[in-house]
Every structure is written in C-alpha cells, then in structure tokens.
Amino acid sequence: SSDVCSSDLGQVVVDLVPGDGYYTRLLAKLVGPKGTLYPFVPLAEVGDAGKLRKAESDGAKAGKPLPRSAVDIALNIQNTEEYRNVTVLWEPLNQYGGQFSLPVQADVVFTANAYHMIHVGDYAKTNVNGVLSMMFRSLKPGGTFIVLEGAAAPGTSWAASDPLGRSDANALKAEVLAAGFIFDGESKIFANASDDHTKAADDQSDRFLYRFKKPANAKTADKRPAKDFMKNYYGNTYVYNIGAATERHHFYHPDGTYQEFGKGDPQMQAGTDYWDVDGHNCQIHQFPVEQRAFIVCHGIIAHDLGEKTTQDNGTGAGALDRKSTRLN
C-alpha cells in the first residue's frame, strides 16, 4: 500500500473507474486527511449524464429501479463524514481528443480491474491514446500510474477481452509506454498460474499489477493561468452562445464558485470552477442534484471585460460566441 500513496504527504490520488467503491474507500484511508482522493467516473459522451439520470428516473417510476450507478456510489462515499478527503469527478473521456481533466496535478493514478473498459462497449469511440496522454500531463513529474488488471491470453483483442474483464498485458503496456510513461515494476502477488484465461475474471483469476512512472525530468506544459484571470469576472457576467437558444450566463465569485443561468431557462446550475493542465476552464456542477459532480470543460475564456471571442467547445458542437459584460 505504501507504493500507492501515503497518509502523511498530502498526496493527490485518482481512482480511475472506481466501480463499487472498494478501492475508493481503501485509498481514501491511505491518503489520509492531508491528501485528496478523486474517484474519476468516466462518461462515454457528454450527453450521457442526462441519459443516465433519465434512465434512473424512468426505472423508478416504472417500479424497476436500476442498480446504483458508479457515480452515485462514489457520491455516497464523498457524503460520508469519514471520507471528507474524497471529491468525485464525473466527466466525458472524449472531449478535446481525449479528456482527463483534474483541478490539480496528481501524484498517483490508480485503476483496478477496469482498464479494458475504456476500449470497448460504451467507450468504443474513446481516443485511449489521447486520454493516456492527458493523464501523463496531469501527473506531477515522477508521478505514478498503477494498473491492476485481469490477465488475458497474449494476443487477445480488446473486443474479445472486455466480456472477460481482462486485458492483454503486453498490449496494455505498449499503450501506456507510448504516452510517455516508463515501466517502473510489477508485482506477482495477484498471479495465478492455474488460470487458463478463458473465463470471466474474478478475485481468484490471474491478474497483473503494473506500475508506470512519469519521468522526473519530463517537460510537460501546465497551461493553467499563472495569475487569477477570473478576477475580472467577479461581480460581472460572462455570456456565451450569444443570441442563440442555448445562450448561457455565468456569474463567478472569488471563492471559486459560480452560478449559471440559461436564456429562457428557469433552471440554475451552480458549483465550482477550475483550470485543467491543458488550460481548459471547467465547471463541476453541484446543483441541481442530478448533475452533482458532473464536469464540463470549455476552451480558455476571454481575459478582458467586454472582449468578444469565438471558440470551439471541443465537443463537435461548433463554435461558441463568448462575451463578458458588466452588471454594475
């Protein structure tokens, strides 16, 4: 466990695809009160947040409630007093050619029994290389990426490995190394030589535990603003999609919170904002409840009041006209 994180260092750790929260709880204890744990629940598409909530609502109305989703499990952990160091991140993987957006650079990214999932099924359109590349940039120099995964027979395709919950170790290693990581060791503690790799993986299956490291001398640009560009917006509004039915108004506060209103839309969204390593301005929705912890990242916004810019939002939805205006 000391290879993953330490309770006395104030580390930032990401639990990628937390599933039922088993490792989320363990990692939160290991990180301790000085650290932060981010359970990262991926979405395949931007619109999947609404689809997921609608499916849950429809199921409840029909008397057929769905099993709890991964994001609800993670949020329930976050809402528990003993896990106050947990902050859920729930976002699409396919924005900007591969998305892995964090509020700060991390010390460790950990994933267990889930790597194969970002290749197939709902995530078949994901640019895995893009995600790994942004993960690399989002780690501190010397940071680690730790993968626990069910072992597939060598040469098994991603499509064939998914129903089994396994990955070809060599294929996985090649992908991670191509993103800039170096291989930093493995453990045989979960190996099982009697496993023939033909059945669905479980706790008794042959599994491999790999550790990759971002070189300590890696030169990766952190494009977060060096100064608080948001200060010009405190007490003012920031408007985008000007004149369109989807026109939105943002109101920012010095404590990092915001409110967002839609044109002709009585619903308000509220939460916190941050900048990721690639310079995207992101919002973590905390209200309404059905969007809690859902993240949307945008291009860098205008830096001067009254400046109008046209930017792409990275989702294929086209350009957005953005302008800031004074309220007073």
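Predicted model: local features only at pLDDT ≥ 70, side-chain atom pairs only at ≥ 80, totals over all residues.
Aromatic pairs come to a count of 12. One of them joins Phe145 and Phe181 in a tilted arrangement. Their ring centres lie 5.9 Å apart, with 45 degrees between the planes. Phe145 belongs to strand 5, whereas Phe181 sits in the loop between helix 6 (169-178) and strand 7 (182-187), so the pair ties together parts that are 36 residues apart in sequence. Phe145 is buried, at 0% relative accessibility. Phe181 is buried too, with a relative accessible area of 3%.

A further pair is formed by Tyr210 and Phe212. This pair is edge-to-face, at 6.0 Å centre to centre and 85 degrees between the planes. Tyr210 has 6% relative accessibility and therefore counts as buried, because the limit is under 20%. Phe212 is buried at 0%.

Ring pairs also build a cluster. Its members are Phe136, Phe145, Phe181, Phe183, Phe208, Tyr210 and Phe212. Lys173 lies over the face of Phe183, 4.0 Å from the ring centre. The charged end of Lys173 also sits over the ring of Tyr210, at 5.1 Å from its centre.

Thr144 is placed in strand 5 (residues 139-151). Thr144 is buried, at 7% relative accessibility. Beyond residues up to four places away in sequence, Thr144 touches Asp107, Val108, Val109, Leu139, Arg211, Phe212 and Lys213.

Pro92 lies in strand 3 (residues 89-92). Pro92 is buried, with a relative accessible area of 1%. Pro92 and Val296 are 204 residues apart in sequence, yet their C-alpha atoms are 8.2 Å apart in space.

Terms used. Residues numbered from 1 in each chain as written. Heavy atoms only, no water. Helix = DSSP H or I, 4+ residues; strand = E, 2+ residues; numbered from the N terminus. Buried < 20%, exposed > 50% of the residue type's maximum accessible area, 1.4 Å probe, protein only. Contact = heavy atoms within 4.5 Å. Phe/Tyr/Trp six-rings, centres within 6.5 Å; stacked < 30°, edge-to-face > 60°. Lys NZ or Arg CZ within 6 Å of the ring centre and 35° of its normal.
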